[in-house]
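Trainee: Could you help me learn to read a structure, one feature at a time?
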Amino acid sequence: MRRDHLRSWVETSWRRLVSSAVPIAQCAVSAGTAWFVATTLLRHERPFFAPIAAVISLGVAMGNRLRRVVELIVGVGLGVLVGDLLISLIGSGPWQIMVVVALAMAVAVLADGGALLVGQAASSAVLVATLLPPTDVGGWRGGLERCLDALVGGGLGLVAAALLPGDPVRPLRRDARRLLNELAEVLYDAADALRKRDAAAAGAALARARATQPLVDALRDTLRASREVVTVAPLRRRRRGTINRYAEIAEWSDYAVRNARVLVRRVYSALSDGEPTPPELADAVTRVANAVGALTEQLAREGDRTRARDSVLDAFPPVAVLSESPNLGLSERVVVAQLRSIILDLLQATGLRRSEAIAMMRERAAADAPSDGTDSTA
């Protein structure tokens, strides 16, 4: 067991390292280059702000790098300005550091800065007050040099991101699959609860459905990061079409997850209140869960997402039939309505417009309608 645990830990750690290899390389190259430029070309004696700025502007995770560079440079400028001005007047010491840090952070907050800007203003002020007081580096000239170092480091960080770009699609595919897999599992759990008429299981499914929001947020954050990569890196701009397709998947997957939450809540209410739930309802939920799995499978192969449409459409006729049943209670009717909405969301995730998706749902329902002339439409 210990050996298996160790092997699993090593494999997980190695995958994590491999996935971070490009950001690590970007940080290393940009930090070394920033130091070289500041010392050799600009002839600054101790340009530690240059490599620091390069590393902070890039970070280990992609996304919001342009904003980080701007906040970094502005934060350094504020910290250096406040630090140089006050330390040259009041000297350096414990209480002086308190004053400098408080004022630098206050100015950054008043400027409506983000966490990086405020933190960088404070740390820059501390460095000026302790390691490099103005008198050691030529007064205001030292402050200007430190601002220039931050500009060099941040700029070279962006250059490294442009010339050594990571794959903008792989993390998108990963996070989209995670969200869709969880959506399918939530629906499977709801279907099992309906079959067993188990209100406690439905409650557990509801809790799981409500816990999906971090996956939605993670996918949206990854989408922003991927769009930034294709904007900054010329070598990745050909992936814009793929990024746009994933943007559609992210949007409609979010809607599908929201509809699933309503669905599971009504399943829980129906079972808790003892409402009759026909077995066909559980089967319909399962078929929609299978449709989600079909879409996920196409993402796993990076195939044509349109190949999942038939599987999604196949889930609709049973839902259309249930919608015409006079024997459903209020909660069951809400569940059926949410199933229809999820199917519509999934079809739009495959690239269809709403009107096209509704038309295809009606066609499939009509093709599978009973021979007695009953018409079930979307």
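Mentor: Gladly! Let's start with a nonpolar patch on the surface: Leu 85, Leu 89, Ile 90, Trp 95, Met 98, Val 99 and Leu 103 form it, with about 680 Å² of accessible area together. Patch residues have over 30% relative accessible area and no salt bridge, and nonpolar side chains (Val, Leu, Ile, Met, Phe, Trp, Tyr) are joined within 5 Å. This is a predicted model, where local features need pLDDT of at least 70, side-chain atom pairs count only at pLDDT 80 or more, and totals for chains, interfaces and linings use all residues. Residues are numbered from 1 along each chain as its sequence is written, and side-chain values use heavy atoms, leaving out hydrogens and water.

Trainee: Which helix gives the most to the nonpolar patch?

Mentor: Helices are DSSP runs (H or I, at least four residues), numbered from the N terminus. H5 gives the most, with 4 residues, while helix H4 (65–90) and helix H5 (94–110) each supply at least two.

Trainee: Is Ile 90 buried, partly exposed or exposed?

Mentor: Buried means under 20% relative accessible area, exposed over 50%, and partly exposed in between (1.4 Å probe, protein chains only). Ile 90, in helix H4, has 31%, so Ile 90 is partly exposed. Gly 203, in helix H9 (residues 199–210), is also partly exposed because its value is 23%.

Trainee: At what angle do helix H14 and helix H15 pack?

Mentor: Angles run from 0 to 180 degrees between N-to-C directions. Helix H14 (residues 316–323) and helix H15 (residues 330–349) pack at about 150°, with their axes 10 Å apart. H14 is therefore roughly antiparallel to H15, a label for angles over 145 degrees.

Methods. Patch = residues over 30% accessible without salt bridge, like charges linked within 9 Å, V, L, I, M, F, W, Y side chains within 5 Å. Areas by Shrake-Rupley, 256 points an atom, 1.4 Å probe, with all protein chains shown as cover. Salt bridge = Lys/Arg side-chain N within 4 Å of Asp/Glu carboxyl O. Parallel < 35°, antiparallel > 145°, perpendicular 65-115°, else oblique.
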